[in-house]
Amino acid sequence: MELKGSSNLSKLATGNDHGENSLYFEGWKAYDNDPFHPTRNPKGVIQMGLSENQLSVELIEDWIKKNPGASICTPEGILAFKDIANFQDYHGLPEFRNAVAKFMWKVRGGLAGFDPERIVMAGGATGASELLMFCLADPGDGFLVPSPCYPAFDRDLRWRTGVQLLYVNCKSSNNFQLTQQSLENAYENARKANIKVKGLIIANPSNPLGTTMDKATFKMLVKFINDKKIHLVCDEIYSATVFCGPKLVSVSEIIEEMECDRDLIHIVYSLSKDMGLPGFRVGIVYSYNDKVVSCARKMSSFGLISSQTQYFLASMLSDEEFVEKYLSESAIRLANQHDLFTRGLDEVGIKCLESNAGLYVWMDLRPLLKEATFEGEMDLWRVIISDVKLNVSPGSSFHCHEPGWFRVCFANMDIKTMRIALGRIRKFVVQENDQVRQVKKQKKTSEGHLTLNFSSQMYDETWVVSSPRLLSPRSPLPQSPLLRART
């Protein structure tokens with residue numbers, strides 16, 4: 001159906017390539033129509049599909065109270081108002097770039113330095129990712145992307161640039177680890193299809209897996225792109241969310257240890273996840289390629305970070321005592337929340353991929369599928385959304401080729417809300433297991449050939465987690481999920 005007023009517009013305006021019809025965004029809409037609130041709407045949908053870090057926000061609030069001069073909109077900071085309000089150099093404030101470079105060094109364990117002159121600003125990681133695509137590729141060129149992967153890559157990387165995303169399927173049999181053979185196969189398949197492969201895009205830590213890449217795999221990737229003479233784009237926006245071992249290995253560390261063409265290496269960074277500041281729209285491109293830095297800086301004028309935001313963050317990130325305290329405390333809180341959530345799931349027999357980073361878990365609901373198909377996954381997802389009243393994201397929206405996996409976010413809610421969510425999950429699983437036992441008894445069906453019957457009842461929140469340790473979600477949604485940049 002053609003929208004009113006769509007005649008005589010561009011293909012971009014009239015097309016349907018944004019990705020808004022993904023189940024990933026559909027879940028947001030379900031939450032938006034019936035948002036949970038502990039008193040005003042206790043039976044509403046709990047948002048577990050939005051990857052936000054809200055566990056340590058009061059640490060930043062406390063710092064602001066102690067440092068009012070960091071804002072030009074306070075009596076203490078008003079003297080800097082005129083200069084900052086008129087600053088519009090797309091290179092960015094020198095003190096901001098210096099602070100970001102030092103913060104990136106700190107988060108990555110001080111194992112590789114970052115040159116402030118290579119810091120390029122963008123409007124969030126969304127803007128940074130797209131900016132890189134414009135610098136590295138032409139319409140029709142392809143990028144290899146290991147899957148499962150971030151659903152909005154379709155929007156961020158492909159929608160306006162015209163590049164193609166070539167998914168490299170990873171399997172649960174080896175915990176979704178990327179292998180050289182799968183890369184080689186995907187590369188050769190693209191060549192046979194006459195697609196010019198320009199690069200490989202990885203997220204480390206992974207979204208949605210919550211895992212970090214080991215050094216051996218990373219070195220294999222760098223050798224692969226070096227041999228093929230294609231680019232490596234490393235999305236490292238979850239770098240400071242590593243809450244237990246193994247520690248993060250950054251591409252910046254890898255290229256210090258092995259020979260490679262550094263012109264092929266690029267990093268996307270942001271403060272949205274690590275500092276819980278998605279609304280600040282702080283995106284960073286860090287490239288080791290001089291021409292990319294030059295082009296990206298020129299293009300950054302289409303999506304700069306406000307000078308007021310730069311000024312504030314330069315002050316906060318330069319406070320070494322605060323940064324040390326924040327990173328340490330945030331890791332502890334993420335670990336505790338993850339532990340609490342995963343333990344709660346385990347108590348009702350739900351397993352998750354073992355993870356050490358991120359704001360979410362990769363939950364295995366394959367035993368609850370009526371049939372091991374993506375249709376079965378969608379049926380289960382709709383029950384969880386409409387009846388259990390939880391917005392979790394189905395694996396198919398992450399381009400996972402195995403049905404039954406779901407991403408569940410745990411860092412966007414308080415413990416009380418998490419326990420309500422766990423209570424709903426427990427009620428649902430117990431009810432489904434009871435139905436399975438009845439089917440077995442009545443039909444003498446062998447284990448492994450059971451058909452689950454999903455009911456359409458509302459699940460209560462009376463269950464309280466008995467042992468503190470677990471893993472997953474929380475946070476309200478914008479008016480339109482299409483305006484939310486990176487989740």
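User: Why is helix H12 (residues 307-317) said to be largely enclosed by the rest of the structure?

Analyst: Good place to start! In this predicted model, eight of the 11 residues of H12 are buried, so the helix is largely enclosed. Buried here means under 20% relative accessible area. The buried residues are Ser307, Thr309, Gln310, Phe312, Leu313, Ala314, Met316 and Leu317.

User: What do the buried residues of H12 pack against?

Analyst: Their partners are helices H3 (57-66), H4 (81-86), H5 (94-107) and H13, along with strands S2 (119-123) and S8 (282-287).

User: Why are H8 and H9 called roughly parallel?

Analyst: Compare the angle with the cut-off. Helix H8 (residues 180-192) and helix H9 (residues 215-228) pack at about 25°, with axes 11 Å apart. Angles under 35 degrees count as roughly parallel, and therefore H8 and H9 get that name. H8 also passes H9 in a right-handed crossing.

User: Which residues make the contact between H8 and H9?

Analyst: H8 brings Gln180, Leu183, Glu184 and Tyr187, while H9 brings Met220, Leu221, Phe224 and Lys228. By type, this contact has five nonpolar, one polar and two charged residues.

User: Which residues have the most contacts inside the largest nonpolar core?

Analyst: They are Phe96, Leu144, Leu232 and Met275, in a core of 145 residues. Helix H13 (residues 320-347) gives the most to this core, with eight residues.

User: What does Leu232 touch?

Analyst: Leaving out residues up to four places away in sequence, Leu232 touches Leu200, Ile202, Phe218, Val222, Ile225, Val251, Leu264, Ile265 and His266. Touching means heavy atoms within 4.5 Å.

Key: Residues are numbered from 1 along each chain as its sequence is written. This is a predicted model: local features need pLDDT of at least 70, side-chain atom pairs count only at pLDDT 80 or more; totals for chains, interfaces and linings use all residues. Side-chain values use heavy atoms; hydrogens and water are left out. Axes are lines fitted to C-alpha atoms, for helices over the stretch in contact, and angles run from 0 to 180 degrees between N-to-C directions. Helices (H or I, at least four residues) and strands (E, at least two) are DSSP runs, numbered from the N terminus. Angles under 35 degrees count as roughly parallel, over 145 as roughly antiparallel, 65 to 115 as roughly perpendicular and the rest as oblique. A crossing is left-handed if the near helix is turned anticlockwise from the far one by less than a right angle, and right-handed if clockwise. Ala, Val, Leu, Ile, Met, Phe, Trp, Tyr, Cys and Pro count as nonpolar, Asp, Glu, Lys and Arg as charged, and the others, Gly among them, as polar. A nonpolar core is a set of buried Ala, Val, Leu, Ile, Met, Phe, Trp, Tyr and Cys residues joined through side-chain atoms within 4.5 Å. Buried means under 20% relative accessible area, exposed over 50%, partly exposed in between (1.4 Å probe, protein chains only).
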